[in-house]
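Please open the model in a viewer and keep the selection tool at hand.

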Amino acid sequence: LAEFPSARPPLSRLLEMIPPLQPRHYSIASSSALDACRLDLCVAVEETVTPYRRRRSGLCSTYLANLRVGDEVVLWLREGSFKNPGPQTPLVMVGPGTGVAPMRAIIQERQASSCAVSGQERHTLLFFGCRKQLMDHLYGEEWGALSSKDGKRGLGADEHFVSNGSISVTTAFSQDGPPNKGKTYVTHKMRLHEEAVFTALSQHNGHFYVAGSARRMPADVRKQLVALVSRQGECPIDEAERFVKALERTGRYKVEAWSS
């Protein structure tokens, strides 16, 4: 209505045309196993410009960004599709951008449970992607701490790999590389670590979780997974596709994606 001031519909007609406000769902980015009184969210503030050059801000993300310490927020909880399969089950996760939120919660959960059964935990591998390391490397300090003491930093051609033995994180910074070499995405990092991914899924009944934007990422990740299964398993693409479909059917391959 601000862009077209000549439009003056009756209020009753306007209320019929405008759809009800949709709820906003955010994944919890922390585990109650570490702090039962704390709930973390990982939210990107949505800011766009309309074709008529008006700036628009995301309704809920802007509301959250403008909150002050001590403000009360009305919210509700619902169960997500991701489950912590337990410390003895290997887990591969792909969570670029704010898709890392549930992955961080699961990592915290697995860290807490591994303390109770020390030496029993299986490997957790997170593929995280963002644009620039200095701009949006979410929880970068936490991932970097994995390599402290007896951990590892860098692995082969992957300089952005950190690990403490049971938990590993590798990051793809899509806009930090040389312009003539193209962009690096989480799918490229999956290719670098495809042996570890295939071993976790084929030999140890591992789980594979994906979270993030629904535009292209989930489809690209699935395509890369089928390709790596074909290469590592030395089998045709159609057989690799059946392998991935079996993961989906048994609940070992799960996707949580949203449109922006």
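Strands (E, at least two residues) and helices (H or I, at least four) are DSSP runs, numbered from the N terminus, and two strands pair if DSSP finds at least two bridges between them. This is a predicted model, in which local features need pLDDT of at least 70 and side-chain atom pairs count only at pLDDT 80 or more, while totals for chains, interfaces and linings use all residues. Residues are numbered from 1 along each chain as its sequence is written, and side-chain values use heavy atoms, with hydrogens and water left out.

Select β6 (residues 158-163) and β7 (residues 167-173) to begin. Three bridges join these antiparallel strands. They form a hairpin with three residues between them, and Gly165 in the turn has a positive phi of about 105°. Val162 stands opposite Val169 in β7.

β5 runs antiparallel to β6, with three bridges joining the two. Here Arg153 stands opposite Val162 in β6. Two residues lie between the strands of this hairpin, where Gly156 takes a positive phi near 60°.

Move to Leu34, in the loop between α1 (11-17) and β1 (47-49). Which residues does Leu34 touch, not counting those up to four places away in sequence? They are Gln108 and Ala112, where contact means heavy atoms within 4.5 Å. Leu34 and Ala112 are 78 residues apart in sequence, yet 6.7 Å apart in space, C-alpha to C-alpha.

Finally, select Tyr63 in helix α2 (residues 59-65). Tyr63 counts as partly exposed because its relative accessibility is 41%, the class between buried (under 20%) and exposed (over 50%), with a 1.4 Å probe and protein chains only.
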